[in-house]
Amino acid sequence: MNIDVSELDDRIAKCQTILDANPNSQIFAALAEAYRKKGMVKKALDICLKGLEKHPDYGSAYLVLARVFYDKGDYIEANRHLKKAISVSGRTRSVDLFEAEILIKLSQPGKARNILEKLYKSDPNNEVIKNLLVSLDREANRASAIIDETEKSESSLKKTYTLSNALSVIKILPRVLGVVAVARDGIVVEGHFDGMLSHDEIGALASAVFDGIKQGIAKIDYGKLYEILVESDKSKLWIINRVDYIIVIFTRDDVNIGSLRFKVNEILKKMKNS
Amino acid sequence: MLAVKQDKKENKFQNALEYLGEYRGVKGAVIFDIEGLVVGYLSRDGFDAEIFSPLVLLMHDNINAIMKRLGEKPAQSIVVKNPDSWITVIRIGNLVLVVNADNKTDELLKVRIGQAVDMIETHLRDKYPLLVK
């Protein structure tokens, strides 16, 4: 879709004028949408959040917020805000279409297909809907090929994962650089880590960090330590507390931590004795 | 047109903390320097800023040791969760911001924290430029 930048600038100027004249106006949603379309998602997010503080029941603003998060690649948040928009303002065809797009990104092709097929029935000439259905078919074929391959390599694995299987699956998630499970004594139980350090070194370091924080929070009665997430400018380090060991996941900085958390939790839930 | 807040305070650090405190679920926030001296704090539900600062400094040092061994730069932010709440720690120049929120607080708090960090950084650049690169 071609976006006329000068038209967007014009729209931004008009909306801003209205908002300046009346800071309580609901025009903030249109202003945020214009910034989003211009690619200025942070600005759009700021405007939308500020506006929603004054108009917490304005459905259109939640829809804009959902689109902003979608553009940022945070599909979980996009879905959450879309649901809020639907609960406040109800559904439209464009909302349904957007929901399908989010569900595709959230790896929920079945739900997305149901929505798209309904939309297709009432509007069979819509190219966007047709293209999304085609891409879903393509993804389905690719996914079934991957599942076949996984089943072959994990033939002993049925519905539950062993620790080793679970870590292997986590390791191949997008942008994950390494994963290790470390026992309470600091010894690495299992690991897949391609970095310059040995598993044992990572185990000892992660264990030291975890124990240090655990002891620290015990002193201030902060409760049981559940997880630690460290973000640096090139990577993220995520330490999860399990019953018998800690799991240390090392990722690139551009990983979507919400999406990763969702997938890792799903994998860990399927572990034996989890 | 900029809206001018009537009760704008001189203490910009406190402004940033109060801005964080407006977010639903935030139980407390504190800014302290790398010596652990509290510069400003906002307290609710028994949040004790003086107790958090040494713990956080220790945590920060430990984590940066592992980051260094991993060949990474120092941590920009650290999040520690327990079943009831989560603490976010962010280093800003020679200062450290800590925010304690309950576990029902949504992840948009991160956006609010980012805005508070901007406020603190701007103030540091204006008033104490030697403390920030």
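**Terms and their grounds**

Analyst: The crossing of H2(A) and H4(A) is left-handed; a crossing has that name if the near helix is turned anticlockwise from the far one by less than a right angle, and is right-handed if clockwise. The model is predicted, so local features need pLDDT of at least 70 and side-chain atom pairs count only at pLDDT 80 or more, whereas totals for chains, interfaces and linings use all residues. Residues are numbered from 1 along each chain as its sequence is written, with chains lettered from A and ligands numbered from 1 in the order in which they are written.

User: Why are H2(A) and H4(A) called roughly parallel to each other?

Analyst: The axes of H2 (residues 28-37) and H4 (residues 59-72) of chain A cross at roughly 20° and come within 9 Å. Angles under 35 degrees count as roughly parallel, and H2(A) and H4(A) therefore receive that description.

User: Which residues of H2(A) and H4(A) meet?

Analyst: Contact requires C-beta atoms, placed from the backbone, within 7 Å. In H2(A), A:Phe28, A:Ala29, A:Ala32, A:Glu33 and A:Arg36 take part, meeting A:Ser60, A:Ala61, A:Val64, A:Arg67, A:Val68 and A:Asp71 of H4(A). By class, this contact has six nonpolar, one polar and four charged residues.

User: What makes E3(A) and E3(B) a pair of strands?

Analyst: Two strands pair if DSSP finds at least two bridges between them. Five bridges join E3 of chain A (residues 227-231) to E3(B), and the two run antiparallel.

User: What else does chain B bring to its contact with chain A?

Analyst: On this side, 29 residues of chain B are in contact with 33 residues of chain A. The elements giving two or more residues to that side of chain B are helix H2 (49-69) and strand E3 (77-81). H2(B) supplies the largest share, nine residues. By class, the side has 18 nonpolar, five polar and six charged residues.

User: How much of chain B counts as buried?

Analyst: Of its 133 residues, 33% count as buried.

How values were computed. Two residues are in contact if their C-beta atoms, placed from the backbone, lie within 7 Å. Helices (H or I, at least four residues) and strands (E, at least two) are DSSP runs, numbered from the N terminus. Ala, Val, Leu, Ile, Met, Phe, Trp, Tyr, Cys and Pro count as nonpolar, Asp, Glu, Lys and Arg as charged, and the others, Gly among them, as polar. Axes are lines fitted to C-alpha atoms, for helices over the stretch in contact, and angles run from 0 to 180 degrees between N-to-C directions. Angles under 35 degrees count as roughly parallel, over 145 as roughly antiparallel, 65 to 115 as roughly perpendicular and the rest as oblique. A residue is buried if 20 or more other C-beta atoms lie within 10 Å of its own, exposed if 12 or fewer, and partly exposed in between; C-beta atoms are placed from the backbone.
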